[in-house]
Amino acid sequence: MVDLRYNAGNVQNPNVHKIGILALGSHLENHGPALPIDTDAKIASYIAFQSALESGAKFLGVVFPAHEIKEINHGKHVSLDELTDEIVKVLKSAKKFLGISSVIIVNGHGGNLPIVTTLYDIEDRTGLLITLNSKIIESEGPHGGSGELSMAKFLGIIDESQVENQTNLEEYGEVGLYMFSQARKNDPNIEEGALDVEENGVYVDEIYGQELLKLAISSVLLDVEKQLDSHYGY
């Protein structure tokens, strides 16, 4: 068998090769006219890939399906069980072929947050240590709002000619989750985001978008360091 040089290249700690970084977003949901339907997947993939580049961890790609709570219907999503099964399938493959023993899941879609309730099941079924990182969701603000628009500007996936129509909430009620009255009633954070978009509109600031992405990447890199320190003796 070939003796792989795990310490070759710009790698501070060879144990980082045991860590995988997996993107989890959503490929099929509306974000208003200025943003593509796979905005969350592209943002999560960028954060995961850049984190892998900077840390040396293994980039595991992106999960295809996504979940959403029942009160919100702005795309095509799957059940929590189906999403869990897909993540397990991807991680088992990564473990078999890449020899990883821990994973950071970079989540860029709020509807996936209930996956936290199945993390122990995922760990049990894969034999992997799992860290869920949803920093970008905590930071970006309302769905289809200024945060996502600004990140999309930096990534080059925005249609700036449609930004002025982004707050036509009667037609694009998914922006700020404005149209989902039951979700707004159930969750104060959703209500706050909807009111923010309704009252203040949206804006595009490429520097702000870049800073949001940097913040999320830094958070993932910290998770890498934590896994190295607590599980690999770094």
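Author: The account below takes the pockets first, then a helix from their linings, and then the salt bridges.

The model is predicted, so local features require pLDDT of at least 70 and side-chain atom pairs pLDDT 80 or more, while totals for chains, interfaces and linings use all residues. Residues are numbered from 1 along each chain as its sequence is written, and side-chain values use heavy atoms, without hydrogens or water.

The largest pocket holds about 630 Å³ of space. A pocket here is an open set of points on a 1 Å grid over the protein atoms alone, where a 1.4 Å probe fits, with protein on both sides within 12 Å along at least five of seven lines; lining residues have an atom within 4 Å of a point. Its volume is the space filled by probe spheres set on the joined points. The lining of the largest pocket comprises 28 residues, and those closest to its centre are Gly-110, Ile-137, Gly-141, Leu-177 and Ile-190. Two helices, α4 (135–140) and α7 (188–200), each contribute at least two residues to this lining; helices are DSSP runs of H or I with at least four residues. The largest share, five residues, belongs to α7. By class, the lining of the largest pocket contains nine nonpolar, 11 polar and eight charged residues (Ala, Val, Leu, Ile, Met, Phe, Trp, Tyr, Cys and Pro being nonpolar, Asp, Glu, Lys and Arg charged, and the others polar).

The second largest pocket has a volume of about 220 Å³. Of the 13 residues that line it, Gln-12, Glu-54, Ser-55, Glu-225 and Leu-228 lie nearest its centre. Here α1 (39–55) and α8 (206–231) each supply at least two residues, and α8 gives the largest share, with four. Six nonpolar, five polar and two charged residues make up the lining of this second pocket.

Glu-206 belongs to it and counts as partly exposed, because its relative accessibility is 37% (buried is under 20%, exposed over 50%, partly exposed in between, with a 1.4 Å probe and protein chains only). The C-alpha atoms of Glu-206 and Ile-69 are 30 Å apart, with 137 residues of chain separating the two. Within α8, Glu-211 and Lys-214 are three residues apart, about one turn of the helix, and their side chains form a salt bridge with an N to O distance of 3.7 Å. Both partners are partly exposed, Glu-211 at 40% and Lys-214 at 43%.

The structure holds seven salt bridges, each a side-chain nitrogen of Lys or Arg within 4 Å of a carboxyl oxygen of Asp or Glu. One of them joins Asp-85 to Arg-125, with the closest N and O atoms 3.0 Å apart. Asp-85 lies in helix α2 (residues 80–98) and Arg-125 in helix α3 (residues 119–126), so this pair ties together parts that are 40 residues apart in sequence. Asp-85, at 39%, is partly exposed, as is Arg-125, at 33%. Together with Asp-121, these two residues are linked in a network of salt bridges.

Another salt bridge connects Arg-184 and Glu-191, whose closest N and O atoms are 2.8 Å apart. Arg-184 is buried, because its relative accessible area is 14%, whereas Glu-191 is partly exposed at 25%.
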